[in-house]
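This briefing covers selected local features, grouped by topic. The sequence and structure come first, and the notes follow.

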Amino acid sequence: MSLTKRSVAELIGTFWLVLGGCGSAVLAAGIPDLGLGYLGVSFAFGLTVVTMAYAIGHISGCHLNPAVSIGLVAGGRFKATELPHYIIAQVLGAILAALLIRTIASGMEGYAGGLASNGFGEHSPHHYSMTAALITEVAMTAMFLFIIMGATDKRAPAGLAPIAIGFTLALIHMISIPVTNTSVNPARSTGPALLEGGIALDQLWLFWLAPIVGAVIGALIYNFVSKED
């Protein structure tokens, strides 16, 4: 499969992740009595990964996340030369999804412009500090990559990786939405931040740095513990 086609698949997949995850947060989470809440949004993010993994996993590997792509390079599972194409496609997909969410959300009277951006301090859902946000994002992304590496290992049960990875992303959101609104994905953070601007954009650096550091740590640890003596 050509790199162009794989990159397009990544764009579509990341579009779906942000539309499904951030879209559920913006459009459906806060409705009184009937809203999804944190639990529903967590499952929405997980479901986007499960569904898209089965749709494009055989085409692009279904990374949907610059940190995942970088982590897989660190873990020897992906070519560094292909990183720019994947990362650009992922970020573009996230931006397009954020644009669509804003277009739909703006049709509701009283919409204030929020797009489920990530943040810390005053921009954290429950006002967690920058240090707490940094630690959370590094730890969650490290575990995410550790599980991705394990679930996609040739020794793992075939065909079940999408379920394991999707459930992991849902669990990560259940833990960390209150802290940062959960990123573990620089593209997912970039789309909403670029459109919201202000503090979301000012704090975007953390949601590139922490997930990338965490992803590399998780991939390297997996390679260490899984290596056969």
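Valine 213 sits in helix 9 (206-226) of this predicted model. Its relative accessible area is 36%, so valine 213 is partly exposed, being between the limits of 20% and 50%. Valine 213 is also one of the residues of a nonpolar patch on the surface.

**Nonpolar surface patch**

- The patch consists of Met130, Leu134, Trp205, Leu209, Val213, Ile217, Ile221, Phe224 and Val225.
- Together these residues have about 830 Å² of accessible area.
- Two helices, helix 5 and helix 9, each supply at least two residues of the patch.
- Helix 9 provides the largest share, six residues.

**Isoleucine 212**

- Isoleucine 212 is also part of helix 9.
- With a relative accessible area of 22%, isoleucine 212 is partly exposed, because the value is not under the 20% limit for buried residues.
- Leaving out residues up to four places away in sequence, isoleucine 212 touches Ala67 and Ile70.
- The C-alpha atom of isoleucine 212 is 9.3 Å from that of serine 69, although the two residues are 143 residues apart along the chain.

**Nonpolar cores**

- In soluble globular proteins, nonpolar side chains tend to be buried together.
- In this model the largest nonpolar core has 44 residues.
- The residues with the most contacts inside this core are Leu17, Val18, Leu72, Phe144, Ile148, Ile165 and Leu169.
- At least two residues of this core come from each of helix 1 (3-27), helix 2 (37-60), helix 3 (66-74), helix 4 (83-105), helix 5, helix 6 and helix 9.
- Helix 4 gives the most to this core, namely eight residues.
- Another core, of five residues, lies apart from the largest one, and its members include Ala133, Leu206, Phe207 and Ala210.
- Leucine 72, one of the residues with the most contacts inside the largest core, touches His63, Arg77, Phe78, Leu145, Ile148 and Met149 when residues up to four places away in sequence are not counted.

**Aspartate 153**

- Aspartate 153 lies in the loop between helix 5 (130-151) and helix 6 (161-180).
- The relative accessibility of aspartate 153 is 11%, which is under 20%, so aspartate 153 counts as buried.
- Its side chain makes a polar contact with the side chain of arginine 155, at 2.8 Å.
- Beyond neighbours within four places in sequence, aspartate 153 is in contact with Arg77 and Tyr222.
- Arg77 is also among the residues touched by leucine 72.

**Positive phi angles**

- Most residues other than glycine have a negative phi.
- Leucine 64 is not a glycine, yet has a positive phi of about 60 degrees.
- Leucine 64 is located in the loop between helix 2 and helix 3.
- At a relative accessible area of 1%, leucine 64 falls under the 20% limit and is therefore buried.
- Histidine 127 likewise has a positive phi, near 60 degrees.
- The loop between helix 4 and helix 5 holds histidine 127.
- Histidine 127 has a relative accessibility of 58%, which is over 50%, so histidine 127 counts as exposed.

Terms used: Residues are numbered from 1 along each chain as its sequence is written. This is a predicted model: local features need pLDDT of at least 70, side-chain atom pairs count only at pLDDT 80 or more; totals for chains, interfaces and linings use all residues. Side-chain values use heavy atoms; hydrogens and water are left out. Helices (H or I, at least four residues) and strands (E, at least two) are DSSP runs, numbered from the N terminus. Buried means under 20% relative accessible area, exposed over 50%, partly exposed in between (1.4 Å probe, protein chains only). A polar contact is a pair of N or O atoms within 3.5 Å; within protein, one must be able to donate a hydrogen and the other to accept it, and residues adjacent in sequence count only if both atoms are side-chain atoms. Contact means heavy atoms within 4.5 Å. A nonpolar core is a set of buried Ala, Val, Leu, Ile, Met, Phe, Trp, Tyr and Cys residues joined through side-chain atoms within 4.5 Å. Patches are made of residues with over 30% relative accessible area and no salt bridge: like charges are joined within 9 Å, nonpolar side chains (Val, Leu, Ile, Met, Phe, Trp, Tyr) within 5 Å. Accessible areas come from the Shrake-Rupley method with a 1.4 Å probe; for residues, only the protein chains shown count as cover. A salt bridge is a side-chain nitrogen of Lys or Arg within 4 Å of a carboxyl oxygen of Asp or Glu.
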